[in-house]
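Please read the questions below beside the sequence and the coordinates, and try each one before turning to the reply that follows.

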Amino acid sequence: MELATTTIQERLFALPTTAISDATGGHTNVAASIKPLSDHFKIAGQALTVRLPDGENGAVLEAISKAKKGDILVIDAKGNTNRAVAGDFVLSLAKGVGIQGFVVDGVIRDLAAVRELDFPVFSLGTTVAAGNKNGGGVVGGPVSVGGVTVHSGDFIIGDIDGVVVVPQEDVEKIAEAAEAKVAKDEAREQEALANGEESIRDYLAKIVK
Ligand SMILES: O=C([O-])CC(=O)C(=O)O
């Protein structure tokens with residue numbers, strides 16, 4: 001009989017970003033200004049990084065062509081909010097080759113169509129303007145996104161609360177600590193809330209001296 005094995009990606013996908021933040025100490029939390037463009041967007045996978053010159057987006061296509069299935073494109077657009085790194089067409093290409101989502105220190109456009117496409121994008125927001133196509137940019141090098149350095153291969157987890165980064169070498173340890181935190185939170189909730197006001201008062205009496 002073959003045993004089902006849970007991959008690290010599946011374990012991360014099952015965890016809330018909040019528990020991962022608790023496990024990392026929050027040192028690699030992406031700035032809160034980078035938000036999911038739909039509340040239900042959830043991602044967990046490995047980064048393929050892209051660094052763009054100001055206002056440009058040509059290298060995004062290069063990254064889409066190089067990405068492995070399940071990768072998350074992590075795009076350093078230096079916080080530029082005037083020009084889109086992608087719109088619904090480019091995001092459809094990304095979804096079509098199996099990319100899992102985008103995390104962008106910048107903006108996209110065509111939000112209505114992107115929501116329709118149901119492709120997870122975490123960004124500073126949207127703009128109406130296309131990116132310039134003069135070339136330049138680096139795929140696969142270190143980037144800075146929302147104040148956090150990301151290398152290709154690092155793990156990225158995003159949900160309604162935001163985006164966290166887990167360096168590749170720490171992922172087993174952090175997943176384990178985050179799972180333990182979830183279990184601890186569940187036990188606390190059970191203890192405090194199991195029996196309405198009575199258990200809440202018992203819980204508070206133990207904590208508040
Ligand atoms: O060309 C662009 O800058 C992006 C765009 O509009 C799309 O992907 O639909």
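Q: Which helix gives the largest share of the shell around the ligand?
A: In this predicted model, the ligand is surrounded by Asn57, Ala84, Ala86, Gly87, Asp88, Phe89, Val90, Arg109, Asp110, Ala130 and Gly131. Sorted by class, this shell has 5 nonpolar, 3 polar and 3 charged residues. The largest share, 3 residues, comes from residues 88-96, that is, from helix H4.

Q: Why do the residues that UniProt lists for "binding site", from Gly87 to Arg109, gather at one spot?
A: The unreviewed UniProt entry lists Gly87, Asp88, Phe89, Val90 and Arg109 for this feature. These residues span 23 residues in sequence, but they gather at one spot because no two of their C-alpha atoms are more than 10.3 Å apart.

Q: Is Asp110, where UniProt also places the feature "binding site", buried or exposed?
A: The feature at Asp110 comes from an unreviewed UniProt entry, and the residue lies in the loop between S4 and H5. Its phi is near 70°, a positive value in a residue other than glycine. Leaving out residues up to four places away in sequence, Asp110 touches Gly87 and Asp88. Because 20 other C-beta atoms lie within 10 Å, and a residue with 20 or more counts as buried, Asp110 is buried.

Q: On which side or sides of H4 do the buried residues Val90, Leu91 and Ala94 lie?
A: Val90, Leu91 and Ala94 are buried in H4. An α-helix has 3.6 residues a turn, so residues three or four places apart point the same way.

Q: Which exposed residues does the face of H4 turned away from its buried side carry?
A: Phe89 lies in helix H4 and counts as exposed because it has 10 C-beta neighbours inside 10 Å. What covers the buried residues of the helix, by contrast, includes helix H3 (58-66), strand S3 (72-84), strand S4 (101-108), helix H5 (111-117) and strand S5 (121-123). The face turned away from the buried side carries the exposed residues Phe89 and Gly96.

Q: Which residues is Val104 in contact with, leaving aside its neighbours within four places in sequence?
A: Val104 is among the residues with the most contacts inside the largest nonpolar core. Leaving aside its neighbours within four places in sequence, the residues in contact with Val104 are Ile75, Ala77, Val85, Val121, Phe122 and Ser123.

Q: What is the phi of Asp118, and where is this residue found?
A: Asp118 is exposed, because 10 other C-beta atoms lie within 10 Å of its own. It is found in the loop between H5 and S5. Although Asp118 is not a glycine, its phi is positive, at about 60°.

Q: How far apart do the end C-alpha atoms of residues 168-195 lie?
A: The annotation "coiled-coil region", from an unreviewed UniProt entry, covers residues 168-195. In the model, this span is 82% helix and 0% strand. Its end C-alpha atoms lie apart by 42 Å.

Q: What percentage of contacts between residues at least 6 apart in sequence join residues at least 24 apart?
A: The protein has 7 helices and 11 strands, and of its 209 residues 40% count as buried. Among contacts between residues at least 6 apart in sequence, the part that joins residues at least 24 apart is 75%.

Definitions and conventions. Residues numbered from 1 in each chain as written. Predicted model: local features only at pLDDT ≥ 70, side-chain atom pairs only at ≥ 80, totals over all residues. Near = placed C-beta within 6 Å. Helix = DSSP H or I, 4+ residues; strand = E, 2+ residues; numbered from the N terminus. Nonpolar A, V, L, I, M, F, W, Y, C, P; charged D, E, K, R; others polar. Buried ≥ 20, exposed ≤ 12 C-beta atoms within 10 Å, placed from the backbone. Contact = placed C-beta atoms within 7 Å. UniProt positions renumbered as here; feature names shortened; annotations may be inferred. Core = buried A, V, L, I, M, F, W, Y, C linked by C-beta atoms within 7 Å.
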